[in-house]
Amino acid sequence: MSWEFLLDQFATQFGLWWVIWPAILLGIVVGILPGFSPQNTLIMLLPLTLSVPVERAMAFMIALYCANHLAGGIPAILVRIPGSGGAAATTLDGYPMTQKGQAQQALVLCFTASVFGGLITTLVTLALLPWLSQLGLYLRSVEMVIVMLFGLTLIAVIAAKDTLKGLIAGFFGLLIGVIGTDHIYNTPRATFGFLELYDGVPLVPALIGLFAISEALVMLEEKMIVDEAGRERALQARWSDTVEGLRMSLQKWWHIVWTAFVGLFIGIVPGAGASIASFVAYQQSRLWSKNPEAYGTGVPEGVIAPESANNGVTSGTLVPTLALGVPGGSTAAVMMIVLQYHGMVMGPRLFATDPGVAYGVFVSMAVAYIFMIFTILPLARYMSRVVLFETSYLAPIIILVTIVAAFGERQYLFDMALALVFGVIGYIAHKTSYHVTAMLIGILLGPLFEQYLVRALRLSEGNLLILFSSPLGNVLWGLLALSLVLPLWRGHRQKKPLVREEG
Amino acid sequence: MGADLVIPALAAAFGAYFFFSIADLAWEAKANGMVIGAILLILVLVQLVRIGMRLRAGDADLGFERLISPRDALPKRIGLVLITIAFIATMHWLGVTLGMLLALFASLWILGVRSRKALVLVPLAVAACVYLLFVAALQSDIPHGPVEWLLEKLLS
């Protein structure tokens with residue numbers, strides 16, 4: 001790949017601004033609304049993308065996909081309702097920032113972390129594509145089980161205020177995630193007799209119920225979601241708040257970079273996805289922070305880590321799609337369909353036969369991110385005013401609109417009722433500090449964990465020692481142990497001086 | 001502490017149902033569920049012991065106050081949930097647009113909104129947005145009712 005080729009690709013993609021811009025706007029709208037996934041939107045737009053030249057179709061789909069990943073953080077920050085699973089971790093510190101009257105700064109942090117996280121990983125992917133494409137081959141079911149266990153440790157760490165409650169919520173979620181038919185014999189388990197649950201618990205109704213509906217029911221306790229001081233700050237929101245958000249992002253530039261790489265590497269693993277990446281990045285950010293106890297109270301790093309990782313995933317997901325012909329996620333699968341329709345053969349040969357398309361996809365992604373920052377950054381000031389609405393208006397609108405959105409993924413009325421059930425469970429969990437986020441992680445990881453665990457156990461004919469049989473897996477075990485031990489060791493170190501003082 | 005027992009009780013009940021539903025299945029179908037369910041039941045047991053110890057020490061009682069406080073918000077919450085149930089149950093007949101309009105009007109009313117302008121304009125605006133997005137733009141299979149049929153006739 002020569003510089004001349006690369007510059008030519010960038011020039012071509014910048015020339016497609018008239019395709020990229022509408023896709024960004026559509027992606028933002030779709031991303032803000034929980035229940036609207038980019039893959040469903042792309043499926044609905046297949047007649048359009050199949051009828052235009054492949055370069056334009058890819059530019060459109062890539063821009064929509066990236067904008068969607070970015071926009072999921074907007075409702076997560078403003079009203080504690082993640083637009084997608086990848087933004088669920090953003091609620092942990094984004095919403096507390098809003099409650100402190102720093103919604104505008106939180107939004108700017110979200111936008112800059114998303115854009116620069118996405119941009120950096122896209123450029124790195126572009127440079128290291130031949131090597132990165134091999135990474136997915138090293139992660140087999142054994143290693144994936146351990147990666148999933150990483151996710152499980154988040155439950156205990158995120159719910160640090162009461163680890164036992166966090167673990168109960170997380171394992172309850174894991175068990176809910178196992179509902180449906182098993183992967184080998186297709187026999188139904190714990191479906192309560194509902195055919196609609198044979199495919200498992202759909203993620204969107206669970207997300208809407210646990211976050212949106214439960215939050216709306218809780219917010220009725222107050223007249224507004226921000227206190228009087230926060231309201232005053234929101235009323236006096238100025239451009240200087242946007243600048244302050246930019247300054248905060250610049251101060252944490254290294255945080256954006258390394259958490260974006262967490263997203264990239266997890267994105268390369270087929271099936272892992274943005275939801276896991278953002279939680280892993282949040283947990284690692286907290287783990288290595290000098291001030292971990294501040295997480296959850298509205299710290300900038302708590303917004304940067306999940307958002308940067310969430311967008312680092314976008315380029316990672318496309319690596320196995322293009323290089324191996326294995327889609328890294330459902331949106332990548334839709335893109336693969338479009339590419340194959342246009343006669344492209346996925347796999348290593350694509351880079352020799354159609355380098356313009358293979359590398360163009362990543363150039364298109366970089367260009368989309370550049371356009372995105374100029375489109376969305378000025379909107380932060382106006383978006384942050386959502387907090388000025390009274391809860392007597394916000395709560396019913398959130399409940400009724402998100403209930404309708406729950407219909408979107410599978411087009412079942414059943415999913416609306418399911419969202420309401422999860423809403424009530426989420427409300428109870430919320431009021432009794434059982435951490436809905438831990439429950440959601442469980443539901444997210446449940447099916448994947450089972451899939452990889454059963455595959456590994458079948459390979460070893462039921463011998464659990466297979467989980468310790470790979471060198472890479474053993475390194476991951478070591479890191480996992482470190483993730484568990486380090487917070488305990490830190491807690492012990494912090495207690496020591498207190499004991500001395502008391503003495 | 002009674003409120004703290006609701007989620008563990010739900011989890012334990014669901015765990016028991018899960019074990020019952022997988023009792024006769026092959027090991028591949030139940031291995032994961034058995035492991036997770038067993039850990040969950042152990043965690044619930046630990047929580048019960050912890051709550052029991054606090055009750056014994058006189059640090060807590062079995063009240064549900066945390067779940068229902070503040071009491072003045074409780075009727076609003078129950079009202080919203082009931083309206084949402086009615087919204088879902090009647091969607092087949094009313095369609096999403098008319099259902100949204102009526103449900104939002106009723107919700108705003110029970111939440112204490114009395115401004116006539118707000119009671120009319122907010123439901124109208126939201127219902128119009130829902131119609132434009134779900135019915136007109138995305139053409140989803142969401143139930144259609146009199147408003148959707150009428151607009152389809154008028155626009156076709």
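Mentor: Leaving out residues up to four places away in sequence, A:S114 touches A:L70, A:E307, A:N311 and A:Y369. A contact here means heavy atoms within 4.5 Å. The model is predicted, so local features need pLDDT of at least 70 and side-chain atom pairs count only at pLDDT 80 or more, while totals for chains, interfaces and linings use all residues. Residues are numbered from 1 along each chain as its sequence is written, chains are lettered from A and ligands numbered from 1 in the order in which they are written, and side-chain values use heavy atoms, with hydrogens and water left out.

Trainee: Why does A:S114 count as buried?

Mentor: Buried means under 20% relative accessible area, exposed over 50%, and partly exposed in between (1.4 Å probe, protein chains only). A:S114 has 0% relative accessibility, so A:S114 counts as buried. The residue lies in helix α8 (residues 103-138) of chain A; helices are DSSP runs of H or I with at least four residues, strands are runs of E with at least two, and both are numbered from the N terminus.

Trainee: What makes the link between the side chains of A:S114 and A:N311 a polar contact?

Mentor: A polar contact is a pair of N or O atoms within 3.5 Å; within protein, one must be able to donate a hydrogen and the other to accept it, and residues adjacent in sequence count only if both atoms are side-chain atoms. The two side chains are joined at 3.1 Å, which means that the pair falls within the cut-off.

Trainee: Why is A:A106 called buried?

Mentor: The relative accessible area of A:A106 is 0%, so A:A106 is buried. A:A106 also sits in helix α8 of chain A. Apart from neighbours within four places in sequence, A:A106 is in contact with A:I77, A:G94, A:M97 and A:V303.

Trainee: How many of the residues of chain A and of chain B count as buried?

Mentor: In chain A, 64% of the 503 residues are buried; in chain B, 40% of the 156 residues are.

Trainee: Why is chain B described as more spread out than a compact globule?

Mentor: The radius of gyration is taken over C-alpha atoms, and the globule rule is 2.2 Å times the number of residues to the power 0.38. For 156 residues the rule gives 15 Å, whereas chain B has a radius of gyration of 24 Å, well over that value, so chain B is more spread out than a compact globule. Its C-alpha atoms fill a box of roughly 65 × 45 × 20 Å along the principal axes. Chain B has seven helices and zero strands.

Trainee: How far apart are the centres of the domains of chain B?

Mentor: The domain assignment, which is automatic or from a database, gives domain 1 (1-69) and domain 2 (71-156). Their centres, taken over C-alpha atoms, are separated by 38 Å.

Trainee: What makes a set of residues a nonpolar core, and which members of the largest one touch the most others?

Mentor: The set consists of buried Ala, Val, Leu, Ile, Met, Phe, Trp, Tyr and Cys residues joined through side-chain atoms within 4.5 Å. In the largest core, of 137 residues, A:I403, B:I7, B:M100 and B:I142 touch the most other members. Helix α23 (residues 436-459) of chain A gives the most to this core, with 14 residues. Each of domain 1 and domain 2 of chain B supplies at least three residues.
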